[in-house]
Amino acid sequence: MKRALVLCCAAVGAALTACSAAAQPVAGTTLAATMTSPVDIRLDWTGTDPAAAGRIVEFATAPDGPWTTLQFMPVRQDSYTHPDLMPQTSFYYRLRPYYGPASDAVDVTVPGGSAGNDDKDWPAPATLPGGPAVTHSVRDGTPAGAPSGLKAKVLQSNGIQFTWTDNASDEEGYLVEDKPAGAADYKVVAVLDKDINSFALITLPDEDKASYRVRAFYYGPSSNVVTRKTGGQ
């Protein structure tokens, strides 16, 4: 069972961003695109950025965007395949790193089972009142702007509500990351708008036992843009 990445609040640039947001390409990052079938495009890239928390790959059907995020990826990932594309269409791609400090992790166990009354009184992402008297930049490489006091409340058999303290002054949003029991790495499961500090997540069966953390993040400049036109009918 797969769950689409939860994208909350349309203002978050991860979901859809205009080309005007792109800055100069990241030095040393080179993106290439190859057709592996008439409707499948493989992306490969070189270059590393040890300071990045991860990267996103984005696509558009026009050179000026708008850009749509395909996937959040760990820094070490160096390829991605965009499958089953619309025939006879030009696709444009770029990479962007993201940065920012993460909270301490919390381990959560849910009973598991059906979603129950998910559509009824399910908490929406929110900004809870209160917070620190002083906030910090997430762009200075220190952990001072990281979310703190992350708490998890099991709401139902497969639902968790997270709350945390927003310590950041200049984040572009928040990422909710999880690492199910036995998994090697954290992955991004939700992208939230800036200033959000309460979010409820429906878990998947493999997340009955998992570790969670929240990251205040911002995007870096994009890579070069590559394009390919699909074939087929």
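The model is predicted. A search of the whole structure finds ten salt bridges. One of them pairs glutamate 177 with arginine 215. An open sheet of three strands runs in the order β3-β4-β7.

**Salt bridge between glutamate 177 and arginine 215**

- The side chains of glutamate 177 and arginine 215 form a salt bridge, at 2.8 Å from N to O.
- This pair links distant parts of the chain, with glutamate 177 in strand β12 and arginine 215 in strand β15 (residues 209-219). The two residues lie 38 residues apart.
- Glutamate 177 has 3% relative accessibility, so it counts as buried.
- Arginine 215 is also buried, because its relative accessibility is 9%, and buried means under 20%.

- Valine 191 sits in strand β13 (residues 187-193).
- Its relative accessibility is 1%, so valine 191 counts as buried.
- The C-alpha atoms of valine 191 and arginine 215 are separated by 9.7 Å. Along the chain, these residues are 24 residues apart.

**Other salt bridges**

- Arginine 139 pairs with aspartate 170, with 3.3 Å between the closest N and O atoms.
- This pair also links distant parts of the chain, 31 residues apart. Arginine 139 is in the loop between β9 (106-109) and β10 (148-156). Aspartate 170 is in the loop between β11 (159-165) and β12 (173-180).
- Arginine 139 is partly exposed, with a relative accessible area of 41%.
- Arginine 42 and aspartate 44 join their side chains in a salt bridge, at 2.9 Å from N to O.
- Arginine 42 counts as partly exposed, at 32% relative accessibility. Aspartate 44 counts as partly exposed at 25%.
- Glu58, Arg94 and Arg96 belong to one network, joined by salt bridges that share partners.

**The open sheet β3-β4-β7**

- Pairing in this sheet of three strands is antiparallel.
- Strands β3 (30-37) and β7 (79-82) stand at the edges. Each has a single partner strand, so one side of each is left without a neighbour in the sheet.
- From one strand to the next, the twist averages 20 degrees.
- Strands of a sheet pair through backbone hydrogen bonds, either parallel or antiparallel.
- Strand β4 (residues 40-46) pairs with β7 over four bridges, in the antiparallel sense.
- Isoleucine 41 stands opposite histidine 82 in β7. Leucine 43 has tyrosine 80 as its bridge partner in β7.
- Side chains alternate along β7. Tyr80 and His82 point to one face and are buried.

**Asparagine 158 in its loop**

- Asparagine 158 lies in the loop between β10 and β11.
- Its relative accessible area is 7%, so asparagine 158 is buried.
- The side chains of asparagine 158 and glutamine 156 are joined by a polar contact of 2.9 Å.

Definitions and conventions
Residues are numbered from 1 along each chain as its sequence is written. This is a predicted model: local features need pLDDT of at least 70, side-chain atom pairs count only at pLDDT 80 or more; totals for chains, interfaces and linings use all residues. Side-chain values use heavy atoms; hydrogens and water are left out. Buried means under 20% relative accessible area, exposed over 50%, partly exposed in between (1.4 Å probe, protein chains only). A salt bridge is a side-chain nitrogen of Lys or Arg within 4 Å of a carboxyl oxygen of Asp or Glu. Two strands pair if DSSP finds at least two bridges between them. Axes are lines fitted to C-alpha atoms, for helices over the stretch in contact, and angles run from 0 to 180 degrees between N-to-C directions. A polar contact is a pair of N or O atoms within 3.5 Å; within protein, one must be able to donate a hydrogen and the other to accept it, and residues adjacent in sequence count only if both atoms are side-chain atoms.
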